[in-house]
Amino acid sequence: MMNSNTRINHRRQLAKAAMAVLLLLGLVYIHVQPARAASVPRLVVTSPVADSFVQDRIFVRVTVNSQVPIAETKATAASLPAVSLTKQASVCGSSCEYTGWVDVSSLPWGNFTLTLSAVDVDGISSAPTAIALKHNQNPVIHPAAPLPFEVADPNLAVNVSCTDDNPGSGCSSLKLSINGKLLLSGTNTLAETISAEQWLGQPATVQLSATDSSGLTSTQSYPIYVENVSNLTTVSKEAGLVLDTDASRTLLWNAYDHRLRIHHRDTNEVETLPLLVAEQTQMNVRLIPGGAMGSAFDATGLDLPDGYYRKGLDPLGTYSRFVWRNGQLQSLAGDDIRVSGDWAAYHAPGGGLRELMLANTASGETVSVGFTDRFDYALDDQGTLVFAREGKLFRYAEGAAAQITPNDGFTYRSPVMDGGVLLYARDDQSTNSSKLIIDRDGVTEELVGASTVTGDYLTAGGWIAYTVYTEAGQKQLWLRSPAGEDERLTPTSTADSHFVALSAAGEAAYTYDGGIWLSRLQEDGRLPSERIVTDKAKMQWRHGWQVYLGTAWYEVPGTDPGTDPGTDPGTDPGTDPGTDPGTDPGTDPGTDPGTDPVPTADLDGNGQVDWLDAIEFLRSYGTERGQLHYDPRADFDADGVIGKADLIVFLREGHFGANLNAALHKLINEIAGRSHRTSIIHR
């Protein structure tokens with residue numbers, strides 16, 4: 001029989017056993033249950049924010065907390081297919097970040113739900129996280145005018161519209177400002193002509209702003225030019241920045257949709273090159289027969305939206321050298337492309353000496369002319385190439401290259417040429433000095449005091465434009481006539497000035513005080529220089545003074561003395577109009593009814609007789625007075641028929657080279673027996 005103490009001990013032992021069992025069960029429960037709870041992935045969404053407006057593409061960022069590795073994290077917009085998000089770190093422990101883009105462009109405007117979920121490697125899924133969003137695009141601005149680099153003269157045509165994705169309403173506000181000053185406001189359309197005269201000659205920026213009914217706002221800003229062009233004649237206005245022109249085409253770059261285009265002005269057709277050029281950086285593109293050639297950054301593949309990009313902030317892409325011909329784009333393994341007439345020169349990429357190539361862009365024929373130092377060669381429109389190699393200059397013409405500078409211990413560089421005149425720098429390494437050398441048909445002389453800095457000198461038609469730096473540091477622009485007479489072009493210090501272009505008759509364009517100025521010649525001397533346009537423009541002589549300013553192409557009215565036959569016989573310096581047969585001083589025979597222009601071999605009026613004139617002559621050969629292509633300037637014997645006698649005179653006047661002369665003779669002989677009187681080259 002148990003005593004009381006025994007019973008007490010027994011009870012204590014039973015209690016301890018019971019507590020042990022309970023403790024064991026508790027440990028098992030704690031071990032199993034919390035592990036299962038921790039294995040369920042938990043999501044924390046950083047982006048997008050609930051109840052916000054989203055565009056066509058949503059950037060999703062979510063953090064997944066889990067003790068077990070995650071197999072997949074997904075985002076599902078409405079009923080669209082789920083998108084897998086990407087893990088951002090290979091090692092991230094129990095808290096990992098996942099991101100990705102979700103395209104919702106196919107969803108209609110309005111509310112939808114974005115659902116996010118994660119599943120671990122054990123197949124355990126998180127609770128779905130749903131976020132309410134609204135598909136609502138910013139309003140879209142469509143500027144038809146003005147475009148980037150448009151010219152206000154000083155009036156500016158405005159044609160801007162605004163659209164929004166809300167099917168129930170359009171834009172609630174559309175505004176146009178210049179340099180921060182509000183000039184026009186409306187809702188969906190702005191169509192008016194405004195004055196920008198208060199910014200005449202100043203940097204000007206157009207600012208566009210559009211707001212929709214939800215309060216979303218879009219903005220655009222881009223530069224324009226405000227310039228008084230009343231002294232210029234408008235040739236054409238284009239839908240882009242004018243880069244190059246010829247008789248029927250304009251090459252342009254639209255800075256809003258980043259496209260290079262060729263506008264065929266005669267048919268109004270437009271070719272669009274398959275490139276996306278976001279800005280002008282290192283863009284060098286010129287027209288060639290059948291297309292264009294050059295180099296530019298190509299941002300194709302970067303998904304650029306329309307809209308002007310500020311300089312230096314563009315996604316430039318890959319630098320591309322190319323030939324665009326007959327609708328096909330081909331890569332060009334060349335650098336430093338120069339185009340002149342139907343000829344192009346370029347060298348192989350790389351450092352040091354590299355192979356120099358000369359291409360006839362009309363025929364497609366390309367030849368190697370030797371090796372050159374980088375960027376150190378000159379090309380004319382006859383296909384003559386002068387290039388530097390290891391301190392010497394070489395001329396490539398008619399299929400052969402020959403050294404044209406002596407082996408006298410000097411080094412030679414930076415050639416510039418036109419016709420029979422070649423300019424280049426001669427460096428004396430022993431004295432660290434340089435001289436500008438004039439080479440006229442092989443006879444050389446030093447131009448004393450002239451700068452040898454590349455770009456400081458030009459030549460055209462025997463004229464030479466050069467720069468002098470005085471001992472006081474003053475920069476002066478000078479001209480030398482074909483007769484060797486020097487005159488200072490600029491009357492005051494021109495520290496910021498430089499030559500822009502030179503014509504064959506000695507008219508010079510140069511920059512001064514923020515503008516491009518033109519120095520003209522008359523029979524009794526040089527006229528005072530006149531400001532033509534802002535120095536932001538490009539100006540060149542090509543059958544007249546051409547000006548490219550932004551999206552506009554202008555000509556400078558007036559005739560370049562001595563280069564337009566039959567229009568002003570009394571303005572060619574050094575010519576006595578009274579000695580020309582049949583010419584009455586002060587009378588313009590080209591405008592007097594019934595009077596033909598004075599015959600000349602320079603049919604295109606560019607100051608030289610070359611293959612371009614041969615083409616013009618062949619167009620008129622075999623025609624009579626009154627027929628379509630009859631040109632009285634080519635009728636040297638004035639018998640009303642352009643025939644063999646006129647051909648002989650024309651060939652004597654021209655400088656075509658042996659090959660072209662032979663070809664002309666052969667062609668004329670082949671058609672000489674034809675009985676009909678029509679042009680042999682149709683326009």
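Among contacts in the protein chain between residues at least 6 apart in sequence, what percentage join residues at least 24 apart? In this predicted model, the figure comes to 49%. The chain has 683 residues, and 44% of them count as buried. As for secondary structure, the tally is four helices and 51 strands.

Now for the cysteines. Two disulfides turn up in the structure. With the bonded cysteines numbered in sequence order, the pairing reads 1-2, 3-4.

One of these disulfides links C92 with C96, with an S to S distance of 1.8 Å. Its angle about the S-S bond is 90°, and the link of C92 and C96 is right-handed. How do its two ends sit, buried or partly exposed? C92 has 22% relative accessibility, so it counts as partly exposed, since buried means under 20%. C96, in turn, counts as buried because its relative accessibility is 8%, and the cut-off for buried is under 20%.

The other disulfide ties C162 to C171, and here the S to S distance is 1.8 Å. The link of C162 and C171 is left-handed, with -75° about the S-S bond.

How values were computed:
Residues numbered from 1 in each chain as written. Predicted model: local features only at pLDDT ≥ 70, side-chain atom pairs only at ≥ 80, totals over all residues. Heavy atoms only, no water. Helix = DSSP H or I, 4+ residues; strand = E, 2+ residues; numbered from the N terminus. Buried < 20%, exposed > 50% of the residue type's maximum accessible area, 1.4 Å probe, protein only. Contact = heavy atoms within 4.5 Å. Disulfide = S-S within 2.5 Å.
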